[in-house]
Amino acid sequence: MVDQERVREMTKLAAYEKHEGKRCRLVTRYFRSDFVVRELLKGFLYGTAAFGIILLMWGVCHLEELIGNLDSIDLIQLGTAVLIRYVMFLIVYLVAVDIYANVYYAEGKKRTKRYYRHLKRLGRMYEEHEGHSTPLRH
Amino acid sequence: MTFLLELKEKLRSFYGKYEVYLLPVIKFLLAAGVFWMIRQKIGYMERLNSVSLLLILSLACAILPIAIMLLAAGVLITLHCYALSMQAGVIMFVLFAIMYLLYFRYASRYAYNALLAPIACSVGIPYVMPVANGLLQPPVSVIPTICGMITYYFLNGIMANETSLSTVEEDEELIRKFQEIIKQFAGNREMYLSVALLAATAIIVYVIRRLSVDYSWTIAIVLGMLMQFLGYFIGYMEIGMSSRTSALVIGCLISTVILFLIQFLFFSLDYMRTERVQFEDDEYYYYVKAVPKSYVATREKKVKKISSRNKRERDDDVSREELMSDMDIYMDDEED
């Protein structure tokens, strides 16, 4: 005999897992600080790659200029200018990634708590109806 | 007004009932629109211009996640650009790579904005996008819209220079073409104007519509459109594109109508989705379709007028005397 109440709870859980499963797994696997640092590290790598590509495009654009003035170019000044832009770009980008990671984690935590509340309710239903807990598999 | 509210409720109910069919149809139409636009604008690779191929691709995108549609559009654009000139293809690929690295790997949820933005631009109503983003989505959703808009302007630049780009180049010309494309793209002042206005408008509309004041959505739409109109008007004057003013006026008017339609369809209305899930316990496998209550609870409403009665009802009325005579009841004084 199918228990309607139980099916209702299980449906809510399955729908949650379908939409929020990835976020839930990440939130339960990491502490907030670890998660944010992980995202920042990834952001650093991707941001550096993107900056490298942009720099390459700039280099191609000014290739003749660079080759023509290769002897007279102050490489230290050029390197410093590039480095300053790189650092500024990374700061802006990583601040954005940090905000994203914190909001993502906080929202995920809230939703995961709701998920566990439903899970507990389901566990109680099994105990009440069958006298023992039956594990749910998805 | 009542008619509009009833229509709105019916639309919501219709969407709820047939969402499983409607969503793929909407995705198919979006994919077909995007692929058709790419074909019309930059259909340089003949092999990819086959209508049947585009239809098959659109059908596949209708059932696959929206990120796949974005990927397919990106691949098509890159291949078409490559067919025109190797440099254009490489730069397009690099542009998409930067977009992916910086944004899309984080949030592909609003990817369809990147597809809708070029369509809106090509039909002359880009003004819809930032206001719609601010009304319906969080501010972060404006980033894919910006990505879509940048792609649109890049493709416009490619189209404008297609004659010089398609010539067969000498070895020393390779770098010159790269430079030409990058400089043309980086020096597009209209693109900067659009991107700045888009971001500012979306954020302002988002802030206004969240205010706890009456008619916040209407105020947000009107202010957002006004801001864009003035911004583009002044901007076009500044960059010497005053010939675009008439298109701006018409575009803004059409956009305002579309935005009020969006307000009508989405204001205080949650198009909850029907869930189809499957799971199991020790005894059963469950295949459940959970339909939001609001879709099935709506009933046909009947209005019964109690203040005025029609003629037939009045004719059916029986007076006290008539009833008494019908039932052979007589008053005491009459009997006497």
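Biologist: How many helices and strands does the secondary structure of chain B come to?

Modeller: Helices (H or I, at least four residues) and strands (E, at least two) are DSSP runs, numbered from the N terminus. Chain B has 16 helices and two strands. This is a predicted model, where local features need pLDDT of at least 70, side-chain atom pairs count only at pLDDT 80 or more, and totals for chains, interfaces and linings use all residues. Residues are numbered from 1 along each chain as its sequence is written, while chains are lettered from A and ligands numbered from 1 in the order in which they are written.

Biologist: What share of the residues in chain B is buried?

Modeller: A residue is buried if 20 or more other C-beta atoms, placed from the backbone, lie within 10 Å of its own, exposed if 12 or fewer, and partly exposed in between. Of the 336 residues in chain B, 28% are buried. In helix 4 of chain B, the buried residues include Q87(B), I91(B), L102(B) and F104(B).

Biologist: Why does the distance between the end C-alpha atoms of helix 4 of chain B agree with its number of residues?

Modeller: The expected span of a helix is 1.5 Å times one less than its number of residues. Helix 4 of chain B has 19 residues and so should span 27 Å; its end C-alpha atoms are 25 Å apart, which agrees.

Biologist: At what angle do helix 3 and helix 4 of chain B cross?

Modeller: Axes are lines fitted to C-alpha atoms, for helices over the stretch in contact, and angles run from 0 to 180 degrees between N-to-C directions. Helix 3 (residues 66-84) and helix 4 of chain B cross at roughly 155°, their axes coming within 5 Å. The two helices of chain B are therefore roughly antiparallel, a label for angles over 145 degrees.

Biologist: Which residues of helix 4 of chain B meet helix 7 of chain B?

Modeller: Two residues are in contact if their C-beta atoms, placed from the backbone, lie within 7 Å. A88(B), M92(B), L95(B), M99(B) and Y103(B) of helix 4 meet I143(B), C147(B), F154(B) and I158(B) of helix 7. By class, this contact has nine nonpolar, no polar and no charged residues. Ala, Val, Leu, Ile, Met, Phe, Trp, Tyr, Cys and Pro count as nonpolar, Asp, Glu, Lys and Arg as charged, and the others, Gly among them, as polar.

Biologist: How many residues does the contact take from chain B and from chain A?

Modeller: Chain B gives 21 residues and chain A gives 22 residues. Helix 4 (86-104) of chain B is one of the elements that each supply at least two residues of the side touching chain A. That side of chain B divides into 15 nonpolar, one polar and five charged residues.

Conventions
Parallel < 35°, antiparallel > 145°, perpendicular 65-115°, else oblique.
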